[in-house]
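Me: I have a model open and want to go through some residues and contacts. Can you take my questions as they come?
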Amino acid sequence: MTAIKHALQRDIFTPNDERLLSIVNVCKAGKKKRNCFLCATVTTERPVQVNVVKVKKSDKGDFYKRQTAWALRDLAVVDAKDAVKENPEFDLHFDKVYKWVASSTVEKNTFISCIWKLNQRYLRKKIDFTNVSSQLLEESVPSGENQSVAGGDEEAVDEYQELNAREEQDIEIMMEGCEYAISNAEAFAEKLSRELQVLDGANIQSIMASEKQVNILMKLLDEALKEVDQIELKLSSYEEMLQSVKEQMDQISESNHLIHLSNTNNVKLLSEIEFLVNHMDLAKGHIKALQEGDLTSSRGIEACTNAADALLQCMNVALRPGHDMLHAVKQQQQRFSDLREQFARRLASHLNSVFVQQGHDQSSTLAQHSAELTLPNHHPFHRDLLRYAKLMEWLKNTDYGKYEGLTKNYMDYLSRLYEREIKDFFEVAKIKMTGTTREGKKFATLPRKESAVKQETESLHGSSGKLTGSTSSLNKLSVQSSGNRRSQSSSLLDMGNMSASDLDVADRTKFDKIFEQVLSELEPLCLAEQDFISKFFKLQQHQSTSGTTTNEVEEMDGVALSRSYTSGVPQTISSEKDMIRQMMTKIFRCIEPELNNLIALGDKIDSFNSLYMLVKMSHHVWTAQNVDPASFLSTTLGNVLVTVKRNFDKCISNQMKQMDEVKISKKSKVGILPFVAEFEEFAALAESIFKNAERRGDLDKAYTKLIRAVFVSVEKVANESQKTPRDVVMMENFHHIFATLYRLKISCLEAEKKEAKQKYTDHLQSYVIYSLGQPLEKLNHFFEGVEARVAQGIREEEVSYQLAFNKQELRKVIKEYPGKEVKKGLDNLYKKVDKHLCEEENLLQVVWHSMQDEFIRQYKHFEGLIARCYPGSGITMEFTIQDILDYCSSIAQSH
């Protein structure tokens with residue numbers, strides 16, 4: 001333990017100018033045995049400070065470190081646990097109780113004894129030593145003596161004392177004067193002893209010589225002691241006199257403290273009262289405005305708004321702790337609550353009456369718009385209500401229940417008002433589309449039939465009153481041959497002053513204008529109402545939304561159409577933007593059904609109207625989405641656009657179906673097929689409608705479907721044709737298709753245009769070869785025999801030696817085809833071709849020119865064979881190529 005003590009002194013306490021007086025090896029009671037040392041130390045500097053230091057062995061090495069230090073003056077109790085039995089446990093009471101277990105009872109007792117001595121010497125503080133043996137404390141204090149306490153010197157406490165600098169210097173001087181002291185210690189000791197005796201003798205002689213001076217000094221000391229006793233008596237009397245003054249001054253000080261405390265409390269109380277008065281006092285003018293303020297005039301509304309804001313500030317003031325327990329504050333808060341409830345009830349009642357009154361005024365103006373395709377303007381109504389916007393915000397912040405009730409009442413009433421207006425508006429639109437009177441309410445529509453023959457019969461006999469759109473024209477063309485179509489078209493034209501196509505164009509243009517006007521009237525109406533709702537009900541339009549609305553993508557012919565489905569209004573509204581959309585959905589719940597009904601009517605009147613509607617609706621959807629993709633208007637128009645796209649697809653499908661169901665007459669020539677003419681009409685109309693349209697891709701896909709169906713149907717009809725040759729049907733119709741595509745310049749059908757041109761060319765050539773056949777039949781057979789002999793290996797110049805193919809036989813055959821007979825045969829051929837071809841396509845001269853070229857080619861072939869097989873015979877045809885050209889020209893001119 002001594003070695004540890006010296007190590008701790010050297011490593012820990014000496015660098016801190018402390019001396020280690022006692023040490024005990026301990027561990028904490030009741031815990032894992034982790035030993036440490038409690039050290040009692042004093043500082044070497046004045047004033048002396050006594051500490052109890054906890055030293056612990058480091059975990060990272062074999063050295064000790066200072067962990068905790070307590071000042072001895074903070075020690076209140078030393079509990080040794082048992083004063084009789086040996087017990088290593090003891091407690092030290094500092095800021096809390098520290099329980100220790102010493103390694104041995106001896107170390108514990110030594111440590112406690114050292115603390116008792118240090119307390120007696122340096123602190124004289126009353127530390128309570130409990131359960132400590134009285135013998136342990138008495139060992140350090142002899143009975144009846146105070147010497148150890150007053151000065152009983154440090155040797156009893158300290159084991160050694162270091163030399164100071166002067167002592168060290170004296171020893172060094174002495175050692176230098178006695179160099180032999182190191183080698184002869186006895187001689188050095190004897191010398192020191194002799195010198196000490198000499199000094200003692202000199203001291204005694206000096207004392208004896210100064211006895212007289214000592215006596216005088218003693219007398220002076222006695223006199224000084226008497227004087228001191230007198231001074232002490234006077235000081236005692238003075239102290240007694242000052243004791244009463246001290247008591248009075250203490251009373252005065254205490255009284256001043258109480259006065260200061262009272263003043264401080266009064267200042268704080270005044271501050272609290274001023275705070276409550278300034279922040280919780282509502283002006284009488286504001287109270288009167290809340291109770292009786294005029295909610296009909298602008299000045300009264302402004303006064304009520306200011307009063308409501310002031311009331312809200314008073315109610316929302318942040319009270320300090322304890323204010324809410326004051327009776328006056330509770331009364332004021334209750335008064336504010338009553339005022340808020342009273343004004344909120346009065347405001348809600350007034351706004352409900354304003355809704356009703358404004359609605360009646362609005363309904364009175366409906367008659368002015370009953371015959372016009374316009375919607376009533378709600379701007380005055382909105383302008384009047386916006387004066388209450390700040391009050392609505394106040395109501396939203398203070399009484400959300402009444403705010404929500406007003407919102408519901410507004411939606412309920414306005415939905416009925418808008419429903420009447422919008423239904424009347426759409427009724428006018430339907431009347432203008434159909435041209436019927438308002439009283440009749442019977443819309444002239446052309447019902448679709450399953451059979452094309454039934455459609456033609458009804459349209460020709462006026463079942464619907466007029467021909468309408470592509471339905472009538474398709475049906476009309478699908479069942480007729482070219483001759484019947486011309487005759488029936490002329491009879492139809494006699495029914496009116498305009499042609500059927502002119503009627504269709506006029507009706508479609510009229511429908512397009514009406515539909516555009518409908519959308520143009522609905523858009524500002526919805527936007528104005530949405531803007532009003534956001535301002536009046538204080539809802540944010542451009543806030544991030546979370547999902548009460550789910551977007552689904554519907555795939556229609558490869559075109560993705562976004563469609564939003566909004567469920568019923570949820571109990572908890574996730575955002576204010578969702579609330580705007582839900583309010584708009586309820587207020588304008590009739591727009592989507594009415595639009596769908598109008599679209600159905602337009603499609604029923606004329607299926608080609610779906611083209612107009614697709615373009616217009618797409619444009620308006622695009623415009624609405626640019627403003628706000630998630631708005632009610634964008635969502636509603638997007639839903640309706642899906643219906644329009646379906647009608648457009650249905651229109652394309654119906655045309656393809658009619659192509660598949662087309663029937664041709666067995667007794668008349670075919671000519672241009674009805675669906676080919678219909679495709680031309682559709683393409684021309686579509687190009688005019690879809691010029692610079694957003695949904696051009698839909699039209700291109702429809703083009704591709706239709707043209708392929710047209711190609712297939714032309715092939716089918718050509719194969720089934722009995723009166724008209726297949727090549728003529730193919731040639732004329734593909735020529736018509738090519739001409740249409742060339743004229744309209746549809747970029748997505750470039751490949752089909754080239755294909756139509758190729759089919760037309762191929763079938764023209766095929767028809768020419770087939771129809772022309774062999775006009776010089778016997779001559780043709782003769783030369784076929786010649787070519788057969790040559791093929792068998794007979795040389796061309798030797799063919800004339802064959803009996804059946806000699807020159808005489810050739811001359812006989814040539815004589816049978818004089819120029820007159822050739823012209824007659826060509827004339828018959830021209831008549832035959834004229835019967836096959838239709839007048840609409842005007843291909844007669846083209847075909848006739850091709851036949852002329854083919855006949856000349858055969859003529860040149862015969863001449864070549866004569867020159868090679870009958871050289872030098874002088875045999876020639878009885879007509880020339882120029883004769884052929886003259887014959888063909890004269891025949892064409894004569895017809």
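Me: Where does Asn733 sit?
Reply: Asn733 is in helix H26, residues 726-744. Helices here are DSSP runs of H or I with at least four residues, and strands are E runs of at least two, numbered from the N terminus. This is a predicted model, where local features need pLDDT of at least 70, side-chain atom pairs count only at pLDDT 80 or more, and totals for chains, interfaces and linings use all residues. Residues are numbered from 1 along each chain as its sequence is written, and side-chain values use heavy atoms, with hydrogens and water left out.

Me: Is Asn733 buried or exposed?
Reply: Buried, with a relative accessible area of 0%. Buried means under 20%, exposed over 50%, and partly exposed in between (1.4 Å probe, protein chains only).

Me: Which residues does Asn733 touch, leaving aside neighbours within four places in sequence?
Reply: Gly671, Ile672, Leu673, Val676 and Val714. Contact means heavy atoms within 4.5 Å.

Me: What does Arg743 pair with?
Reply: Arg743 forms a salt bridge with Glu680, at 2.9 Å from N to O. That links distant parts of the chain, since Arg743 is in helix H26 and Glu680 in helix H24 (residues 674-689), 63 residues apart. A salt bridge is a side-chain nitrogen of Lys or Arg within 4 Å of a carboxyl oxygen of Asp or Glu. Arg743 is partly exposed at 46% relative accessibility, and Glu680 is partly exposed at 22%.

Me: How many salt bridges by that rule?
Reply: The count is 29. One of them joins Glu18 and Arg66, with the closest N and O atoms 2.9 Å apart. Glu18 lies in strand S1 (residues 18-28) and Arg66 in strand S4 (residues 64-71), so the pair ties together parts 48 residues apart in sequence. Glu18 is buried at 4% relative accessibility, while Arg66 is partly exposed at 32%.

Me: Changing topic: which residues touch the most other members of the largest nonpolar core?
Reply: Tyr410, Val518, Phe588, Phe690, Leu779 and Val847, in a core of 176 residues. Helix H15 (residues 400-434) gives the most to this core, with 14 residues. A nonpolar core is a set of buried Ala, Val, Leu, Ile, Met, Phe, Trp, Tyr and Cys residues joined through side-chain atoms within 4.5 Å.

Me: And which residues are in the second core?
Reply: That separate core has 31 residues, including Leu75, Phe90, Ile115 and Leu136.
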